[in-house]
Structures are given as C-alpha cells and as structure tokens.
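Please examine the sequence and the three-dimensional structure shown below before reading on.

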Amino acid sequence: MRSKLYAVIMTLSITLFGHTAYAKEWQIQMLNYGSAEQGGMIFEPAFIHAQVGDTVTFLPNHSGHNAQSYVVPEGSQQWKSALDKAYTITLDTEGVHLYYCPPHLMMGMVGMIQVGDAKNQALIDKKAPRLRSKMALKPERMDTLLNQIR
Ligand SMILES: [Cu+2]
C-alpha cells in the first residue's frame, strides 16, 4: 500500500515538474555571415527541436536583425523581437514555429523551432510556400527547414 502511494506521488511529481526540471535554454544567433557553406544573413542554428518548457533566446550578435513569427503552434501567441535586442520566448505549446528576420527575408533569413510533436504540420505546409516566395535569395533554406521536421 505504501509503495503504491509512493509510486503515485513519484509519477505525479514527474508529470508536474519533469519539464521544468530539465528545461533547456536554447540560444539562436542572428548573424550577417554564418559558416562558409551557409552564407550570409542567417539564424544559427536555423532549426532546433525543443520541448515544452524550454526557452529560446535570440541574440543580436550582429546589428540590423530581429525575429518575428510567421506560423506558431495552435493556441500559442504570435511573437516579435525588437531590432538589435536580445529576446526570449518560452515554449509552452507543442508544434512548430516558423519565423523570419523582416529586414532580411528577401535574403533568405528564416528559421524554425519544433516544440515536441509537429502538431501544426498541416498549417506549416500550407503557409511555408508563401513565405518562401518572398525569399529572393536562398529559398532552398526553407526546404532544408521543412525536411528537418520530425
Ligand atoms: Cu536579419
């Protein structure tokens, strides 16, 4: 009886506090130039697979950038950072965030954050082509992001 109660309490604790205990703090750099293969105007890393409870901070390593959501998980708030300011979002809902840097969308500066399962995959597939059509340079970056959703 007592061990059964203990098991219930442990399960509850893990359910309630599991995410918090292991929450990861991701950092995404906003850069004028990345590694040689990837070229200029880029988020690094451009794709991350995070979990609910994690945080993501965008860092203005180079000036002239910001990050703005284009698609967010269902039930999640749209978000936008100020130019040249660090900005943190807390990932509270499963699904995929597709975002971009407004000043450099034409140059292919886009990124993706998958949180847990890609529950809004259908919406991402529907909306990504529209954002991709505005990427005059490196539109293939969008394909690379889409291919990393698991
Ligand atoms: Cu930019």
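## Basis of the model

This is a predicted model, in which local features need pLDDT of at least 70 and side-chain atom pairs count only at pLDDT 80 or more, while totals for chains, interfaces and linings use all residues. Residues are numbered from 1 along each chain as its sequence is written, and side-chain values use heavy atoms, with hydrogens and water left out.

Helices (H or I, at least four residues) and strands (E, at least two) are DSSP runs, numbered from the N terminus. Helix α2 (residues 121-132) has 12 residues and spans 16 Å from its first C-alpha to its last, close to the 16 Å expected at 1.5 Å a residue. The expected span is 1.5 Å times one less than the number of residues. Ile 124, Ala 128 and Leu 131 are the buried residues of α2. They lie on the same side of α2, because they cover an arc of only 65° around the axis; the arc is that of the directions from the helix axis to the C-beta atoms. On the face turned away from this buried side, α2 carries the exposed residues Ala 122, Lys 126 and Arg 130. The cover over the buried residues of α2 includes β5 (68-71), β7 (95-100), β8 (110-115) and α3 (140-147), where contact means heavy atoms within 4.5 Å.

In α3, the residues Arg 141, Met 142 and Leu 145 are buried. The buried residues of α3 fall within an arc of 100° seen down its axis, so they line one face of the helix. Their cover includes β2, β3, β7, β8 and α2.

## Strand β7 and its partners

In β7, six of its six residues are buried. Two strands pair if DSSP finds at least two bridges between them. β7 pairs in the antiparallel sense with β5 over three bridges, and with β8 over six bridges. Val 71 stands opposite Leu 98 in β7, and Val 96 stands opposite Gln 114 in β8.

## Backbone details

Most residues other than glycine have a negative phi, and most peptide bonds are trans. A cis peptide bond joins Glu 44 and Pro 45, with omega about -5°. Pro 45 is placed in the loop between β2 (40-44) and β3 (47-50).

Asp 84, which is not a glycine, has a positive phi of about 65°. Asp 84 is found in the loop between β5 and β6 (87-90) and is partly exposed, at 33% relative accessible area. Lys 138 has a positive phi near 50°. Lys 138 lies in the loop between α2 and α3 and is partly exposed at 29% relative accessibility.

Technical notes:
Buried < 20%, exposed > 50% of the residue type's maximum accessible area, 1.4 Å probe, protein only.
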